[in-house]
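Here are my notes for someone opening this model for the first time. Take a look at the chains, then read on point by point.

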Amino acid sequence: MNPDVLLQAVNLSRRIAGKTLLDDVTLDLTAGARLGLVGPTGSGKSLLLRILALLEPVDSGDLLWQQTSVANDQATIYRSQVIYVHQRAAAFEGTVETVLRQPFQLKAHRGRHFDRDWIVDQLATVARDAAFLDQHHEQLSGGEAQIVALLRAIQLSPRVLLLDEPTSALDRQSARHVESIVMRWYGDAPDRRAYIWVSHDPSQADRVCDSLITMHSGQIQRRQTTE
Amino acid sequence: MSPYIELTNLQVCLAAILIVINGVVSIVLRLRLEKTLAIASVRTVVQLSLVGVVLSWVFRVDRWYVVLAIAAVMTLIAGFSAADRSKRKFPGIRLIAITSVWSCAWILTGYVLLFVFQDLPKWYEPQYAIPLLGMVLGNTLNGISVGLSTLTETLVRSRGQVETLIALGATRWEAAGEPIREAVRTGMIPIVNSMMVVGVVSLPGMMTGQVISGMDPAQAVRYQIVIMFLIAGATALGTVSVVLLSVRRLFDVNHRFKFELIRTTGSS
C-alpha cells in the first residue's frame with residue numbers, strides 16, 4: 001500500500017428514505033493530490049465531501065485517515081487536519097479578525113496562536129490590506145466572506161482541504177482570489193498536502209486539479225487526469 | 001370563627017359575573033372568542049374543583065405513597081407540556097423534558113422541605129409538599145419549554161455557523177456554545193424579571209392567599225422569598241439540564257449535528 005495515502009474512502013454508501021444517494025464509493029487521496037469532483041447536481045458530490053468531513057453519517061463503508069479508521073474520540077483531531085469549507089460562508093458576529101481568531105479557542109487547536117502578520121501577508125495577494133481585518137464579518141460580500149473562510153481554514157495548516165464549490169456563488173475576480181489562496185497553501189508543502197475540489201465549472205476543474213472524478217447517481221462514473 | 005371569610009357557591013357565582021365582561025367585549029368587538037371563553041371558564045371551574053377534591057382526599061388519607069403518586073402525576077404532566085409547547089421537536093424530546101423537570105423539581109423541593117422548613121411533622125407533609133411542588137412545576141415548566149424552543153430554534157437558524165465550527169475541529173459543546181447560552185439565558189429571564197418586580201408591581205398569588213387566610217404578612221413574605229428562590233433555582237437547573245441533554249441528543253459522538261432529527265410541527 002502506498003504510504004503516502006492520506007485519506008481513504010472504502011465502499012461508502014448512504015441511503016435516505018429508501019433512496020440511494022451514495023452507492024459504494026471508493027477513493028484514495030494521496031499526499032500531493034489535487035482531485036476534482038465533478039458531475040450533475042444531485043449526483044452525490046457534496047454528500048461525499050460532507051461524509052469525508054464527518055458531517056454526514058454513512059450506512060456502510062469505512063473512512064481511513066493515514067491507514068487508520070477514524071475513531072469516535074478522534075473526530076475533532078481529524079477535522080482539524082481535514083477541513084471542510086462550505087459553499088457559502090456563514091456570517092458571524094464581530095470583525096473579520098474575531099472570526100479568524102475563532103478556531104484558536106477550540107480544544108483541537110490548543111497551543112496554536114493567531115498570526116496577524118501571516119494573515120496580512122495573505123490578504124495582500126488578494127488585494128486587501130490590514131484594514132480589512134476591522135470590517136464587520138456580517139457586512140462582507142459573498143466573495144470576501146469566502147476569502148475569510150479559506151484563510152480561517154488554511155492558517156491552521158491542514159493536510160487536506162475539502163472544498164465544496166467554494167467559488168460557485170462568486171464573481172470571476174473573487175473566484176480567482178479564492179483559487180490563489182488555495183494554490184498558495186498547497187504550494188507551501190505540495191508533497192504533504194492534498195485537496196478535493198467540487199466544481200461545476202470544467203475550465204476551473206482543469207485549472208486547479210490534476211485528476212478528476214466524475215460522479216453520477218451516487219456512483220463514480222469516470223476517473224481521469226486533466227491535461 | 002375562621003380567620004378568613006368562607007366562600008359559598010353563591011358568592012363564587014357573583015364573581016362569575018366578571019367573566020361576562022369578557023364575553024360582552026368579545027361580542028361587541030366581534031373577537032369571536034365567546035366559545036373559547038366559555039370553554040376556558042368551565043375548565044377553570046371543573047379543573048380547580050377536581051383539584052380541590054383530590055387535595056382534600058390526599059390530606060385526609062395522609063400517606064407518603066399517595067403524596068408521591070400525586071406528585072409523580074403532576075411532574076409527568078408538566079414534563080409532557082414542556083415538550084409539547086416546543087414548535088420544533090425531535091425523537092426523545094419528551095423523555096428529556098420529563099427527566100429535567102423531574103430531577104430539578106424534586107431535588108429542590110425536597111431540599112426546601114427537609115432543610116429549609118426543617119421541623120415538618122412528616123417529611124412528605126402534603127399541606128407543604130404538594131402546593132410547593134405545584135408552584136415549582138408551573139414555573140420551571142416555563143423555563144424548560146422556553147429553553148427548549150430557543151435551543152432548537154437557534155440551532156436550526158445557525159446551522160451554518162454550527163457546522164462551520166464543527167468543520168474547523170470544534171466539539172459539539174464548542175460548536176453549540178452560543179445556542180446553549182442563548183437558550184439558558186432566555187429560559188431564565190422570566191423568573192429573574194419577576195424577582196425584580198415582585199412586591200412592587202405584583203403581589204404573588206401565594207402570598208396574597210396567605211395574607212387573606214390570616215397569616216402575619218411578615219411570615220407570608222418569608223414564605224414568598226423561599227418560594228421565589230426555590231423557583232429560581234429549579235428553573236435554572238431545569239433549563240440547563242434540558243438544554244444540555246438536548247444537545248447531547250442532537251449531536252453524535254463524532255460531534256456531528258444531527259440536523260435531520262429536528263422536525264417542525266404546526267402546534268404552538
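1. Start where the chains meet: the contact draws on 15 residues of chain B and 20 residues of chain A, with two residues counted as touching if their C-beta atoms, placed from the backbone, lie within 7 Å. On the chain B side, helix α6 (residues 159-167) gives the largest share, six residues. That side divides into five nonpolar, seven polar and three charged residues. Here Ala, Val, Leu, Ile, Met, Phe, Trp, Tyr, Cys and Pro count as nonpolar, Asp, Glu, Lys and Arg as charged, and the others, Gly among them, as polar.

2. A word on ground rules. This is a predicted model, where local features need pLDDT of at least 70 and side-chain atom pairs count only at pLDDT 80 or more, while totals for chains, interfaces and linings use all residues. Residues are numbered from 1 along each chain as its sequence is written, and chains are lettered from A and ligands numbered from 1 in the order in which they are written. Helices (H or I, at least four residues) and strands (E, at least two) are DSSP runs, numbered from the N terminus.

3. Now find the open sheet of six strands in chain A, ordered β6-β7-β8-β3-β9-β10 with mixed pairing; strands pair if DSSP finds at least two bridges between them. Its edge strands are β6 (82-85) and β10 (219-225) of chain A, each pairing on one side only. Antiparallel pairing shows up between β9 (residues 211-216) and β10 of chain A, with six bridges; one partner pair there is A:Leu212 and A:Gln224.

4. How many residues of strand β8 (residues 194-198) of chain A are buried? Five of the five are, so the strand is largely enclosed by the rest of the structure. (Buried means 20 or more other C-beta atoms within 10 Å of the residue's own, exposed means 12 or fewer, and partly exposed is in between; C-beta atoms are placed from the backbone.) In a regular strand the side chains alternate between the two faces of the sheet. In β8(A), one side has A:Ala194, A:Ile196 and A:Val198, the other A:Tyr195 and A:Trp197.

5. What does β8(A) pair with? Strand β3 (residues 34-38) of chain A runs parallel to β8(A) through four bridges, and A:Leu37 has A:Val198 as its bridge partner. Strand β7 (residues 160-164) of chain A also pairs with β8(A) in the parallel sense, over five bridges, with A:Val160 partnered by A:Ala194.

6. Chain A has another open sheet, of four strands in the order β2-β1-β4-β5, with antiparallel pairing. The edges are β2 (19-30) and β5 (68-69) of chain A. Strand β1 (residues 5-16) of chain A joins β2(A) by eight bridges, and A:Ala9 stands opposite A:Leu27.

7. Over in chain B, helix α4 (residues 93-116) has 24 residues and reaches 33 Å from its first C-alpha to its last, close to the 34 Å expected (1.5 Å times one less than its number of residues). Its buried residues include B:Ile93, B:Cys104 and B:Leu113. Among the elements covering them are α3 (64-84) and α10 (217-250) of chain B. Just after α4(B), B:Gln118 takes a positive phi of about 50 degrees.

8. Leaving out residues up to four places away in sequence, B:Val58 touches B:Val66, B:Val67, B:Ile70, B:Pro126 and B:Ile130.
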